[in-house]
Amino acid sequence: MTGALTATGALKGAGGLGEPGGLRGLDGLRGPDGLTRAGAAPSAGSGAEGASARFQQRLGWYCAERDEERESPLPAGKKLAFAAQGERRCLGVRRAGRWLVCPYAAVLDGESAKDQCPRCAQLDRSRSVAADTMADDPRPYAVYLAYFGPGLLKVGITAAERGPARLVEQGAVAYAWLGRGPLMAARRAEALLGSALAIPDRFTKAAKRAARGVLPEVPERCAELAQLHAKAGGLGGWPETLEPVEFACTDHTELFGLDRVPAGAAVLGGLTAGAEIVGEVLAGVGSDVYLRLAGGDERAVGPVGSVGSVGSVGPVGGAEGRRSGAGQGAGQGAGAGGPWPVAVMDARLLSGWVLGAATGRVTTAPVLPARTAGPGAPERGGEQEGLF
């Protein structure tokens, strides 16, 4: 039996918090031929403040032939062992709570975080707030400030009904709400902060990862957010229809397992047919999964019990993982003879692959040195995905 694993930063077209999302579980469906999708998505909840406590990183299988989906948790301590099979293909589009498989069966680049072909992506964004093709959305929107590390603060907006979902999806270490009101008012506030305070609306994944292993204490994070919140609130030109929100800091240390994220973790590269990933989950931040890679000894991880397609990845909440040696050997390649590395896997690179059980006991996917980026480097030239 074969299936497909899907991984993305956020499930395409997912609406409220109750819709299925997350990486489809490796112990999920047994079924022929499917596509895998992944991203940071909530496991359940109503979108109310505090709902982030119910978010959990997970795997989700999708079987296209039977049009079935299933999710399973991906907590710290979970052992994974899977191999990529065949070709990586476009995930299609999500409509009315179900996945519509790409009619072109388009093959995707294994190194790209995009999980759709250009034609499916265009259809997906034909009526999208993120793409500014749905300016008439009547829902209220919230403006937020997100903290990813010292000097890494951004402004963003999200549909108020989603609560903290967007902050969890993008891996914000901490955040604070700034205001709430109509879509266009939220957009103007976002633009005001960008022009008046030079606050970006995104950062590179490399910059976020580099900051996670060297984070200051929680009070320092909240103080930096509070300072920016005060500056933003004092700006002239604030949209009249945007209701200000008093400062309150929410931190995701426990939710993501940030105390288990080592500095300088290695990076798993894109998959090719036959490449295998074998290891144990340490933590999960947005679409990033931190793994202790297995070596060729008694600590090696056995193969998973089933094959299917994977949906999206969300953060790990509350599960205690193994901390021993979490930061050791983080820069070593898979061929090294010493302690095996902790590596971060962008689950979006799994999207569209058919996954089967690993036949070996070690990771054969590329293990690369940590990529670094300047602390203030905003992300440029890319489209924001799954914001709302």
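Modeller: A nonpolar core is a set of buried Ala, Val, Leu, Ile, Met, Phe, Trp, Tyr and Cys residues joined through side-chain atoms within 4.5 Å. Buried means under 20% relative accessible area, exposed over 50%, partly exposed in between (1.4 Å probe, protein chains only). The model is predicted: local features need pLDDT of at least 70, side-chain atom pairs count only at pLDDT 80 or more, and totals for chains, interfaces and linings use all residues. Residues are numbered from 1 along each chain as its sequence is written, and side-chain values use heavy atoms, with hydrogens and water left out.

Colleague: Which residues have the most contacts inside the largest nonpolar core?

Modeller: The largest core holds 39 residues, and the ones with the most contacts inside it are Val 143, Leu 193 and Tyr 290.

Colleague: Which helix gives this core its largest share?

Modeller: Helices (H or I, at least four residues) and strands (E, at least two) are DSSP runs, numbered from the N terminus. The largest share is six residues, and these come from residues 183–197, helix α3.

Colleague: How many residues does the second, separate core have?

Modeller: Leu 80, Phe 82, Val 281 and Leu 350 are among its members. The count for this second core is 22 residues.

Colleague: How many residues of strand β8 are buried?

Modeller: Strand β8 covers residues 174–181. This strand is mostly covered. Of its eight residues, the buried ones number seven.

Colleague: What is the bridge partner of Val 143 in β8?

Modeller: Two strands pair if DSSP finds at least two bridges between them. Strand β6 (residues 141–149) and β8 run antiparallel, joined by seven bridges. In β8, Val 143 has as its bridge partner Gly 179.

Colleague: Is Trp 177 buried or exposed?

Modeller: Tyr 144 lies in strand β6 and Trp 177 in strand β8, 33 residues apart. Trp 177 has 14% relative accessibility, so Trp 177 counts as buried.
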